[in-house]
Amino acid sequence: MIKFLDLKKINKRYEAAFQEKLKSVLESGWYILGNEVVTFENNFANYCGTKYCVGVGNGFDALVLIFKGYIQLGKLQKGDEVIVPANTYIASVLAILEADLVPVLVEPKLETYNINPDLIPEKITSKTKAILVVHLYGQLAEMNKINAIAAENSLLIVEDVAQGHGAIFEELQTPNSKPQTAKAFSFYPGKNLGALGDGGAVTTNDAELAKVIQSLRNYGSEAKYQNEFVGVNSRLDELQAAFLNVKLPNLDAENNIRRVIAKRYLSEINNSKITLPYWDSSNNHVFHLFVIRTENRDDLQQYLLNKGIQTMIHYPIPPHKQKAFESLNHLSFPITEKIHQEVLSLPISPVLTMEEVDFIISILNNY
Ligand SMILES: Cc1ncc(COP(=O)(O)O)c(C=O)c1O
């Protein structure tokens, strides 16, 4: 059986280094917000090309804390509208609601699965204050167009990069340039940079925002037992930070293996029943997922399973059709709904062998 994602095999490669880290954290006697978290925050900020990185409990909290941080700074107010793609993992929409903001859903492009920038302006009202961009499946959204729309309408940009580690590198902004963006990362085990449990981070060049989030993640407190804000407990765990420090130096190499596999799928899968994902090669896609479309998706998934290939569906139900969002259930987003009916994610990971890729391609071509 070819697993969709073999996490054991992925992490086994780092076992000795993880054991070393465990020993060193154990012996340090300091288990919350210690050296490993600080080191990871510096390493990840450097890796992303941003001035600041704040480690938090998970990717969802990273998003929520960005919004709450902007609320504390007076840049957002409860009840403000936030544009978000209709085609995303539910966490993006939930994070907006958790911060008492209002999600306004926008259709994606069928080819890229990412938000269609041309449909954003018609959704902008006097209450719209931000765009939450999601770089879905590891492919960057059309940031040039989105940045221009945001600048024209004085909107903040928040980026959900839970699936896109390594797709973005920002040059450090000059001291005079206005920092307007913040990015939320998840280190959920299955992500391109995955921990051995939950983890997340915010990156930004905005010193004020970084400072507020640093406090918000720790009960709104900077100095012990003095609470400036109504915060939460959402700190990046010291051990998870230690494990992430081990894995980060290999992230680019692992993303490259994903790209090699993606290129093979794109050039060698040849079956009229299957639509391959669009990849603009100027876009630094990190292929968190390789998502194909087919009309009889469930049939193809069963066929692959019978041949020993595990696949997954990201995602079977769009956010606006989830029971949890009853007030959104009446909305209609035909492109989003079509995507959810037709998508299937093929195995792709740094430990998938070329023989396994050969096999997957030949089985798909015989479907
Ligand atoms: C697009 C997207 N946003 C947010 C999240 C939330 O991350 P986490 O599971 O770490 O809370 C995830 C992953 O789970 C995700 O895929």
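Reply: C48 counts as buried, at 4% relative accessibility, where buried means under 20% relative accessible area, exposed over 50%, and partly exposed in between, with a 1.4 Å probe and protein chains only. C53 is in no disulfide, and the nearest cysteine sulfur, that of C48, is 6.9 Å away. C53 is also buried, with a relative accessible area of 7%. A disulfide is taken to be a pair of cysteine sulfur atoms within 2.5 Å, and by this rule the count is 0 disulfides.

This is a predicted model, in which local features need pLDDT of at least 70 and side-chain atom pairs count only at pLDDT 80 or more, while totals for chains, interfaces and linings use all residues. Residues are numbered from 1 along each chain as its sequence is written, and side-chain values use heavy atoms, with hydrogens and water left out.

Turning to the ligand, 13 residues surround it, the closest being G59, D160, Q163, S186 and K191; a residue is included if one of its heavy atoms lies within 4 Å. This shell divides into 7 nonpolar, 4 polar and 2 charged residues, with Asp, Glu, Lys and Arg counted as charged, and Gly among the polar ones.

A polar backbone atom of G59 is 2.8 Å from a ligand oxygen, a backbone N or O atom of F60 lies 2.9 Å from one, and a polar side-chain atom of S186 lies 2.7 Å from one. Taken alone, the ligand exposes 380 Å², of which the protein buries 91%, the areas coming from the Shrake-Rupley method with a 1.4 Å probe.

Technical notes
A polar contact is a pair of N or O atoms within 3.5 Å; within protein, one must be able to donate a hydrogen and the other to accept it, and residues adjacent in sequence count only if both atoms are side-chain atoms.
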